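This report describes selected features of one protein structure in plain terms.

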Amino acid sequence: SESELLPIKIMATLASSRGQRVLPLTDRWGPIEQWKLYSALVKLASGGTPTHETLDMIESELTAEQESLRKKRVSQEKIPIHYIAEISDGSPDDSNETEACHKKLKKKGAVVRSYCIGGSSASADAAPPLSSFSELPGILTQDIVEKFKKLNPHRIKK
């Protein structure tokens, strides 16, 4: 089945006033998970934008996930893509700290992309700016597939 070709786990965090985990890392995609992700994406921001706090949460989940994969002796070829999409409407409170988090995540093998809606991201990992949230699913999907092709060219069926 297609889900075996590109298995996906998703996690959502929210940086609004404080960093919070909205959806822990999961491979389930039922109504509860969809609602949690949607709610996080449409929540009106308040206070600061502690992006680095949420990236630290993601890093700890990524570390646990990678440890679990190692313990299960999952072959390098079957290791999933770890793709972090940072979606915002502006800048993080601490750009230097956020970029340092990006570097740590990339060192662990994750792909980090900074998506900004209605503005542009100053991040080294910036995706082209989006004018509307509705553009995100298509662009995000295309970007993930492109990263998969680069990392696993031998697994692509012609």
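Glu61 and Arg21 form a salt bridge through their side chains, with an N to O distance of 2.8 Å. This structure is a predicted model, in which local features need pLDDT of at least 70 and side-chain atom pairs count only at pLDDT 80 or more, while totals for chains, interfaces and linings use all residues. Residues are numbered from 1 along each chain as its sequence is written, and side-chain values use heavy atoms, with hydrogens and water left out.

**Salt bridges**

A salt bridge here is a side-chain nitrogen of Lys or Arg within 4 Å of a carboxyl oxygen of Asp or Glu. Side chains of opposite charge can pair when their charged atoms come close. A search of the whole structure finds ten salt bridges. Helices (H or I, at least four residues) and strands (E, at least two) are DSSP runs, numbered from the N terminus.

Burial is given as relative accessible area: buried means under 20%, exposed means over 50%, and partly exposed is in between, with a 1.4 Å probe and protein chains only. Glu61 counts as buried because its relative accessibility is 18%. Arg21, at 39%, counts as partly exposed.

A second example is the salt bridge of Lys104 with Glu59, where the closest N and O atoms are 3.7 Å apart. Lys104 lies in helix α4 (residues 95–107) and Glu59 in helix α3, so this pair ties together parts that are 45 residues apart in sequence. Lys104 is partly exposed, with a relative accessible area of 37%, and Glu59 is buried, with 16%.

Lys147 and Asp143 also meet in a salt bridge, at 3.5 Å from N to O. Both residues lie in helix α5 (residues 136–151), four residues apart, which is about one turn of the helix. Lys147 and Asp143 are both buried. Elsewhere, salt bridges with shared partners join Asp56, Glu59 and Lys104 into one network.

| Salt bridge | N to O distance |
|---|---|
| Glu61 and Arg21 | 2.8 Å |
| Lys104 and Glu59 | 3.7 Å |
| Lys147 and Asp143 | 3.5 Å |

**Backbone angles**

Most residues other than glycine have a negative phi, and most peptide bonds are trans. Ser17 is not a glycine, yet its phi is positive, about 75°. Ser17 is in the loop between β1 (10–16) and β2, and is partly exposed, with a relative accessible area of 45%. Arg73 likewise has a positive phi, near 55°, in a residue other than glycine. Arg73 is located in the loop between α3 and β3 (83–88). Its relative accessibility is 75%, so Arg73 counts as exposed.

**Nonpolar patch**

Which residues make the nonpolar surface patch of about 560 Å²? Its members are Trp35, Tyr38, Leu41, Val42, Ile87 and Phe133. Patches consist of residues with over 30% relative accessible area and no salt bridge, with like charges joined within 9 Å and nonpolar side chains (Val, Leu, Ile, Met, Phe, Trp, Tyr) within 5 Å. Accessible areas come from the Shrake-Rupley method with a 1.4 Å probe; for residues, only the protein chains shown count as cover. Helix α2 (residues 31–42) gives the most to this patch, with four residues. Val42 belongs to helix α2 and counts as partly exposed because its relative accessibility is 45%.

**Second largest pocket**

The second largest pocket has a volume of about 320 Å³. Its lining has 13 residues, and Gln76, Ile79, Pro80, His82 and Gly109 are the closest to its centre. A pocket is an open set of points on a 1 Å grid over the protein atoms alone where a 1.4 Å probe fits, with protein on both sides within 12 Å along at least five of seven lines; lining residues have an atom within 4 Å of a point. Grid points are joined across faces, edges and corners, and the volume is the space filled by probe spheres set on the points. Helix α3 (residues 51–71) gives the most to the lining, with three residues.
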